Amino acid sequence: MKTLILSHDDCLLHDNGAKIAESPSRVKAVLSATRDIPGTEHLPAPLASEEQILQVHEQDYWSSLVENEPEEGRVSLDWDTFMSRGSLDATRRGSGAACFAVDQIFEGKAKNAFCATRPPGHHSYQNVAMGFCLSNHVAVAARHAQQAHGLERIAILDFDVHHGNGTQEIFEQSPEVLFISSHQFPLYPGTGTRDETGAGNIVNIPLDPGIDGTEFRKAWSDIGFARLFSFDPELILISAGFDGHQRDPLGQLMLTADDYGWFTREIRNFADECCDGRVVSVLEGGYDLEGLAESARAHVIGLTDANQ
Ligand SMILES: [Zn+2]
């Protein structure tokens, strides 16, 4: 069974300006690095419907984004979060890709999927845009999976170097969703300590600046995977941020593409046992184009049958 790779040219429209590391060239680098991987199929990402977006985001918030999207230039939502013409279509492609991937997998048309989209989503709250993020793609996909497929246990794994504070806020009172995040601490956005546990469904794994893959693997093996296994999810969503790579300018972790490949194989093998292999991964951060490209490639290879 194939691994879908979903993207869309609309994801190139969102323009943060030259001073911001979150740029269209990120998606181009990922697509170019994953173009020829056996066992994959590239498909266009659909737009998320407003109904899908509103399962997570408040109507007033979404309406204000729609009203504020500029015809030209940029508007600033906070110090590093902007909208340009086309930004909402870009983020709707990201959320739509994740929902479409869930549907394709439950219809038996694909084994798993990677959404090579932007802007990222995991910092976005129900009613706040922040950290480059406008709509929270993994959250929209999780709510869609509950509504459309009746799922009762969904796990979201987030290995971005930054804490997935938006995802945590959205699900911290929703024990049917397990959220496990590893992230450098301290670092933006400043949340993600061990004592933030929500309804017992939030697991934060703060990592010291400078740690390498050995410690990253040990932390996930000892803490993250143990919780994941006992939760027995019906679907696994991944917030795949590759800004923990040693080349990345925004974090100080020392991870390599091999570490992301290892993580992905571990999850894929577990998913085969617990949930028919159902994994939907969504691109979050990753701001060094070389580190991002090689990491995304290792991640996608880890998702494919050819790797096993
Ligand atoms: Zn990040």
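This is a predicted model: local features need pLDDT of at least 70, side-chain atom pairs count only at pLDDT 80 or more; totals for chains, interfaces and linings use all residues.
Ile 20 is buried, with a relative accessible area of 16%. Ile 20 sits in the loop that links β1 (3-7) to α1 (24-33). Apart from residues up to four places away in sequence, Ile 20 touches Asp 80, Phe 82 and Phe 132. Gly 198 lies 178 residues from Ile 20 in sequence, and the C-alpha atoms of the two are 32 Å apart in space.

Strand β3 (residues 74-78) and strand β4 (residues 81-84) run antiparallel and are joined by 4 bridges. The two strands form a hairpin, with 2 residues between them. Within this pairing, Arg 74 has Ser 84 of β4 as its bridge partner.

Strands of a sheet pair through backbone hydrogen bonds, either parallel or antiparallel. In this sheet, strand β9 (residues 235-240) and strand β10 (residues 279-283) pair in the parallel sense over 5 bridges. Ala 240 stands opposite Leu 283 of β10.

How do α7 and α8 stand to each other, and at what angle do their axes cross? The axes of α7 (residues 213-231) and α8 (residues 257-274) come within 11 Å and cross at roughly 20°. The two helices are therefore roughly parallel to each other, since angles under 35 degrees count as such. Their crossing is right-handed. On the α7 side the contact is made by Gly 213, Phe 216, Arg 217, Trp 220, Ser 221, Phe 225, Leu 228 and Phe 229. On the α8 side it is made by Asp 258, Asp 259, Trp 262, Phe 263, Glu 266, Ile 267 and Phe 270. By class, this contact has 9 nonpolar, 2 polar and 4 charged residues.

The axes of α1 and helix α9 (residues 289-303) come within 8 Å and cross at roughly 40°. That angle makes α1 oblique to α9. The crossing of α1 and α9 is right-handed. From α1, the contact is made by Ser 25, Arg 26, Ala 29, Val 30 and Ala 33, and from α9 by Leu 289, Leu 292, Ala 293, Ala 296 and Arg 297. These residues divide into 7 nonpolar, 1 polar and 2 charged.

The last stop is Arg 93, in helix α4 (residues 87-106). Arg 93 is buried, with a relative accessible area of 13%. Leaving aside neighbours within four places in sequence, Arg 93 is in contact with His 8, Asp 10, Cys 11, Ala 45, Pro 46, Leu 47 and Thr 117.

Notes
Residues are numbered from 1 along each chain as its sequence is written. Side-chain values use heavy atoms; hydrogens and water are left out. Axes are lines fitted to C-alpha atoms, for helices over the stretch in contact, and angles run from 0 to 180 degrees between N-to-C directions. Angles under 35 degrees count as roughly parallel, over 145 as roughly antiparallel, 65 to 115 as roughly perpendicular and the rest as oblique. A crossing is left-handed if the near helix is turned anticlockwise from the far one by less than a right angle, and right-handed if clockwise. Contact means heavy atoms within 4.5 Å. Ala, Val, Leu, Ile, Met, Phe, Trp, Tyr, Cys and Pro count as nonpolar, Asp, Glu, Lys and Arg as charged, and the others, Gly among them, as polar. Two strands pair if DSSP finds at least two bridges between them. Buried means under 20% relative accessible area, exposed over 50%, partly exposed in between (1.4 Å probe, protein chains only).
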